[in-house]
Every structure is written in structure tokens, then in C-alpha cells.
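What does the fold look like around its sheet, and what surrounds the ligand? The report below takes these two topics in turn.

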Amino acid sequence: MTLLELDGVHAYYGASHILRGVSMAIDEGEVVSLLGRNGAGKTTTVRSIVGVEPPEVRSGSVRFDGADVTEWPADDIVRAGVGVVPEGRRLFTELTVEENLEMSNIARGRWNTIYRRAPGGGSPTMTVNELYDLFPRLEERRDQRSGTLSGGEQQMLSIARTLRLPDLQLLLLDEPTEGLAPQIIQSVSESIREITGQGLTVLLIEQNVREALKLADRGYVLDQGEIVYEGTVGELEREDLDQYLVV
Ligand SMILES: Nc1ncnc2c1ncn2[C@@H]1O[C@H](COP(=O)(O)OP(=O)(O)OP(=O)(O)O)[C@@H](O)[C@H]1O
Ligand SMILES: [Mg+2]
């Protein structure tokens, strides 16, 4: 079954026309990579899916789990089961690792709205202990303020925190390996592989093609706001896409 479908999405920042008819589809249980170099429109695509403005989607549609969510506010889309690990890992830097993971301690701001469910709503997708199994590094640092974590540890925490969302069906990862050393990339990638092994559907945004192809089933290549290539990992590996990608 198709879980997420973008059909001819045009997105704008004011007069600036960024996404020019982006269409893509992700089936339940798939790991799909969205590739493209700096400024291609990857983050804009994520924001268009989740309903965060800007940008403004002026035509085309986004469907999730059978519903047309194009006009839905971000909070509703998150409640429907879409989790985003944003670019740049926005953590509550003053809070400890564990406080970041314990929803009950997050008493302010948007996350409170996002995490809150209607009475009888779902429970978190993963427990804090399950997350510590997935990211042992975070358990070692459970009492450390998150602002003092290394870049790789912050990325792990950012992913882990998103997995606390209830009833998660689709995880959007915006450049999870950006700026990380090779060894840490490997460790983050292994955790992502474990998550995907549990049946979660994932859209993995990457500039790093090799990392993306290790994890994904299929991929789309975005360039200047247009999908210029789509294929299986095997096809992407054979195709000469260097002009669109960081290789
Ligand atoms: N808030 C904004 N206002 C105006 N233009 C924007 C805004 N955000 C992004 N853009 C522009 O939209 C284009 C696409 O940006 P986007 O962030 O989607 O790229 P990206 O593919 O995620 O790149 P990167 O790999 O560097 O994160 C860029 O030209 C960028 O300058
Ligand atoms: Mg980006």
C-alpha cells in the first residue's frame, strides 16, 4: 500500500519557485532515499510534506495514509504518524539526554503540542529503554545536558526523540549523517538500519550517496526542484548521476 504520495507539488518561498512539480511515492515498509546536492530542494520537500510553512504549496497534493494532507497543519500530520528528524538536530540543549526523551518533562513549546494525544491515543512508538538499547551511547550519557553532546550523539538523540512519538508510521530523516565523522556515520547508519528492520517506513534525505544506498530500497534524485531520476538502488548505482550528487 502507498503510504506517502506527492503529486505534482509546486512550493514557493514568496515569489521564489522552488519545487517544480515534485511527484514521488513511498510504499509501506519501504526505505526511500531522496538525493540531491545543496539547495536542490530536499528540506523544502520535507517541509512541504509536513505542512511547516514556509514554503507554501501552491499546487499539487500530498497524500498520507489515504488522506489528502496538503492543507493539514504540521501538528495534525505528526499526530497522524509522521515523525521528522530535522536538519541541524534541534534539541532542548539545556535539558539532559533523558529529559529530552521523557515527554513528560517537556513542558513547553511546540513539542508539547506535538506529543500530546487525545485521551485514549497511542503510546510512544519506542520506550526510553528500547531507545537506550538502540543507542547505548545515549544511556551512558543520560544525565548529560544535550547541548554538550558531540555532533554524532546529538544526531542519535534527535532520532531517538522522534521515535518517542506515538504511533509513528513514517520517519523523515533530513541528512542524518551530515557533518559526522565516518565512524559515527557508521554507528548512526546501523541504528537507522535497526529502525527500518522494525518495519517503519523511512524517507532518508542524503547528499552522501553511498550512505543512502546502503540503507535504501529505492531512490529519487532531486535537482533544482525537479525529480530528475528515480530507480532502485541497483539502478542508481549503475547510472551516472555525478552531476546531480555529491559522490
Ligand atoms: N525560508 C526560505 N526563504 C527563501 N528561500 C529559501 C528558504 N529556505 C530555503 N530556500 C531556498 O530554497 C532552495 C532549496 O533549499 P532547501 O533547503 O530545500 O535545499 P536542500 O536540498 O535541503 O539543501 P541542503 O542539502 O543544503 O540542505 C535554496 O535555493 C534555498 O536558498
Ligand atoms: Mg536541506
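## Sheet and ligand shell

Strands β3 (residues 31-35) and β8 (residues 201-206) run parallel and are joined by 5 bridges. Strands (E, at least two residues) and helices (H or I, at least four) are DSSP runs, numbered from the N terminus. Within this pair, L34 stands opposite I205 of β8.

The model is predicted: local features need pLDDT of at least 70, side-chain atom pairs count only at pLDDT 80 or more, and totals for chains, interfaces and linings use all residues. Residues are numbered from 1 along each chain as its sequence is written, while chains are lettered from A and ligands numbered from 1 in the order in which they are written.

An open sheet is built from 6 strands, ordered β6-β7-β8-β3-β9-β10, with mixed pairing. Strands pair if DSSP finds at least two bridges between them. β6 and β10 each have a single partner, so one side of each lacks a neighbour in the sheet.

| Edge strand | Residues |
|---|---|
| β6 | 82-85 |
| β10 | 226-232 |

From one strand to the next, the twist averages 15°. Helix α1 packs on the sheet and touches β3, β6, β7, β8 and β9 (contact: C-beta atoms, placed from the backbone, within 7 Å). Its direction makes about 150° with that of β7. Axes are lines fitted to C-alpha atoms, for helices over the stretch in contact; angles run from 0 to 180 degrees between N-to-C directions.

α1 also gives the most to the shell around ligand 1, with 3 residues.

Notes. Contact = placed C-beta atoms within 7 Å.
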